[in-house]
Amino acid sequence: MTVFQRKILLLMLIPLLSLPLLPGSDVWPVTSSDMTPNLKLFDKPISRARWLWFQAPQVAGFANAYYRMEVELDEEVESCWIMCALDDTGEVFLNGKALAETRFEQPDMQIRFHRFEPVCEWKKGRNVLAMIAHNNGALGGMIMRGEIKLVSGKVIPLVSDRKSWKASGNASDGWMTPSFDAATWAPAMELGDVLMEPWKSVSNVVNYMLDDEEKRFYQARIDQLVNIDFLKDAPEWKGKVVWYNGLAGIELNGKPEPPVTLVIGFNPWIANTADDIVKAGKSNIKFIEYISSSNRCFVAPGKYDFSMLDNDIKRILVLNPNAAIIVAFRLDLQGEWLRNNPDELIGYANGPSDGRGGQLGRFRAPSMASEKFRAEMENFLTAAVKYMQQQDYYKRVIGMRVGYGVFGEWHYYGMKLEMPDTGKAMTREFRKYLADKYGSDSALQKAWHDASVTLDSAAVPDKTERIGQGSFFRDPAGKDRKLLDYYDCHGQVNSDTLLRFAAAVKKADPRLLVGAYYGYFFCMGYPAEGQTLMLEKVLSSPNIDFLSSPYSYNVASRIAGGDGMLRSLPGIFKRHKKLLISEVDVHTHKTRGRDVYRVGTTPEDSQAVFRRDIAISYLNGAGAQFLEFDARRGFDSWFNHPMIYKSWYDGLRIWHYLVNAPEKKSFCEIAVVVSADEMYKHGYPNGLEQRPVIESIVDKPMHALYRAGAPFDVLSLKDFLNSSHNYKVVILLNIFTPAADERKQLIRKVRRPGVLAVWSYASGWVTEDGFSESAMSDLIGIKAKAEAGKHPWSVSLGNGVTMSSVSNKKVVSENPRICSVDRSAEVWAYYTSHGRQAAIVSKNLKQGSMTMLAGMPIMDEHVWAAILHRGNVHCYTAPGEAVVAGNGRWLMVHTGRGGAIELKLPKRCKQVRELYRSQTLGVDTSEVILKSSGAETWLLEIEY
């Protein structure tokens, strides 16, 4: 048979090759975005008590709402009780007198209830019950219930509704007294009953605001919806993180499952959230992450009420009987605990913990350094596991995620502007750290260049010391040593606290998988204290099985046509055999309002982005978790479209195919090397200065590289030094402070024949002995200098073309400027200011390798493409044409616009198959034309 005849035969076989990857994979169960029937719990309000506000639903923060209710009495009062919630804080008055609160035990939830038992304050005739609700956000509220029992035995119910209460956004003198004329006040605005969100999830409103009859009605309906008798004789499920063919998975009862989860938030009872759960089950998603918080269950130290979990978890299992549950706890304490433990709280360098700025500001919260807080939460987690072990639904609970800090993601509260933590708890921990590190006052004094400091008197750096010398880089040999010591201590505290909580769960039940939101690197424009720290230490712990991380929030990653860049470093997870879960919180075409992260306007845009994000996860050995925010607010889910659910379904199908495919070596020719440690060794004290610099150093170069046409591996410095893979181009993005032995290893590793090393910005400039131009030059192999002062990151590429880093319409400037003074180097670009200073240069070295200094980080795909060409790297597409990721055998190509993309392969291949569509696109070929009418993603299997 001739070559021509073989080609004809293969072309005839293409329809036969275009088969589903798994039996039944072409049968799709979700064909409509209609709501699943019978998910709405109640057709009308169930409580007479309503959440009230005054007549302006949208107001600025820190607003007050004033309420008054007139009560006529014709006899004396024997007893009275009033229960209310005032969001966020407030006061209660009776006839102008502020009432004293009657304390009672309750969960330490975000919105707490207040009880009053006034008797003597009531009088015959006209009475006025008045309240002030002080709101810190854009919408506040008040809800109340109570009763008055008269001496005759008559009972007068009290309830918050628009018939009884008037409200105003401002009030004049005497407004809470019976003599005040409230004729101009309008009836209060009813926002909703006890089932209204967010209050149902952040307060105990259902237990306190329903009367006995309403409770019976409510509980009867709930009982109908939480019947899990099917679990009575069922075995207990067990999960285990496993690795197959370079992909992580979760082995469930010995069967490998895709590590894909749906995160549902606090409340599975909302109809739209329940609909997501049902349709996720139909899409074959096995794992559901349910979020709760310690505040919902913490009553007092050592005293907890976990009954709130019961019906929620049962409801999930009724909606998806095949689900395995991961319970996520946000470990926060508020209210009484904070008032009783002032020495255990975060102290903010920039001012008192007044709550302004929310979680990113001076938030009142326990310090991670508080031993009392840590011990309380360890006890809490142990009690939570022991409680759930007594429930039938625990047979399906396979894991727990522990969270603390901003968004429950282990970013330190106040990280944006208010650090360091100068509180007593952190001060104690810092002094302990210094004693362990230096051992004597004299050693500390020498390191800090301060003859007056002692181990007993050392303080956390204050606001001025935190600012430092006004540069991004910190000098280990100078006055920055104190701040660097604090950074290290802070990182140890952060990671130690996480690991202690994880250990408590593992000790209570070793069967459980334990994880956290942690390990972020890219798209982290927070100051050093806001980073998720000590990743190697956390992943090396036997008590951690998985970590979750949203993918990059840069618009360049999110939109259709963006790169879907992961935020973490997958190589570290592979080495430790732990599971990285990328949070795919895609703002789809269904997202309401104006949203900068919205992927597009059509279902096709959303499907293409989901396919991209799932593929990016798999190609990095990671899993995915889907999360959206509208369903929990009562709006239609961002995900509620058949094309979106189909992308989930196909993604799970493809995972099974990939893990069973024959394992082959990666074809990647590029390594991107980064150091997570640099993120907390340097940086500015607030996010306004920090973000543009971090984006310029690591994020923008990556966005451009994704569009340069060739796949690449992202490695930590340790993983690169230990790798045996022969890369042609090594890009070192932020290797500013390598240790002496790492410098030697790097030089040996990259100065080999055929290797092009690209050193970005101030590589090797920082040493333990201070800043060093000679150390930088020796490492790079090009004579370079650091010019003091903030200079713009903008270079001329010739022919009138410039490359600049722009943030908020301004060119980013940084100190120092790094430039080449090596006359033997080839100049690629000059800085656009200060004459002809060489910004980007390359040089051939004796060993047959090439080195390149990029004094300004490279953030243009055409420049990257030229560098890759110089390094003899094969590019699959033209620069800027598409996003390319993968390892050569598995290749993802993504575009945000229609047209044709010419995919050139490095050599002829046997066939190219597209896995989402289960189609063969080419046979015995070295190029494929990918055509689309709009946003599209292809996941290609290339067999050579």
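Predicted model: local features only at pLDDT ≥ 70, side-chain atom pairs only at ≥ 80, totals over all residues.
Lys-149 has a relative accessible area of 32%, so it counts as partly exposed. Its partner is Glu-78, and the closest N and O atoms of this salt bridge are 3.8 Å apart. Glu-78 sits in strand β3 (residues 77-87) and Lys-149 in strand β8 (residues 141-150), so the bridge ties together parts 71 residues apart in sequence. Glu-78 is partly exposed too, at 44% relative accessible area.

Glu-936 and Arg-611 make another salt bridge, with 3.4 Å between the closest N and O atoms. This one links distant parts of the chain, 325 residues apart: Glu-936 belongs to strand β47 (residues 936-943) and Arg-611 to helix α17 (residues 603-619). Here both residues are buried. Glu-70 is partly exposed at 42%, while Arg-68 is buried at 3%.

## The nonpolar cores

The largest nonpolar core has 225 residues, and Ile-325, Leu-381, Phe-626, Trp-648 and Phe-720 have the most contacts inside it. Helix α13 (residues 481-508) supplies the largest share of this core, 13 residues. There's also a second, separate core of 30 residues, with Leu-73, Phe-116, Ala-133 and Leu-150 among them.

If you click on Leu-381, you'll find it touching residues including Phe-329, Met-400, Phe-501 and Val-505. As for α13 itself, 22 of its 28 residues are buried. The helix reaches 41 Å from first C-alpha to last, close to the expected 40 Å.

## A bent helix

Where does helix α19 bend? The bend is at Ser-696, by about 50°, in a helix covering residues 687-706. Of its 20 residues, 17 are buried, so α19 is largely enclosed by the rest of the structure. Asn-686 caps the N-terminal end of α19, with a side-chain oxygen 2.9 Å from the backbone nitrogen of Leu-688.

## Around Ser-796

Ser-796 is part of strand β34 (residues 794-798) and is partly exposed, at 27% relative accessibility. A polar atom of its side chain lies 3.5 Å from the backbone nitrogen of Gly-798.

Further along the sequence, Ser-796 touches residues including Thr-802, Trp-828, Tyr-830 and Thr-832. Ser-833 is 37 residues away in sequence, and the C-alpha atoms of Ser-796 and Ser-833 are 9.4 Å apart.

Notes
Residues numbered from 1 in each chain as written. Heavy atoms only, no water. Bend = angle between axes of the 7 residues up to and from the residue. Helix = DSSP H or I, 4+ residues; strand = E, 2+ residues; numbered from the N terminus. Buried < 20%, exposed > 50% of the residue type's maximum accessible area, 1.4 Å probe, protein only. Polar contact = N/O pair within 3.5 Å; in protein donor to acceptor, adjacent residues only side chain to side chain. Core = buried A, V, L, I, M, F, W, Y, C linked by side-chain atoms within 4.5 Å. Contact = heavy atoms within 4.5 Å. Expected span 1.5 Å × (residues − 1). Salt bridge = Lys/Arg side-chain N within 4 Å of Asp/Glu carboxyl O. Lists of a residue's contacts leave out its neighbours within four places in sequence.
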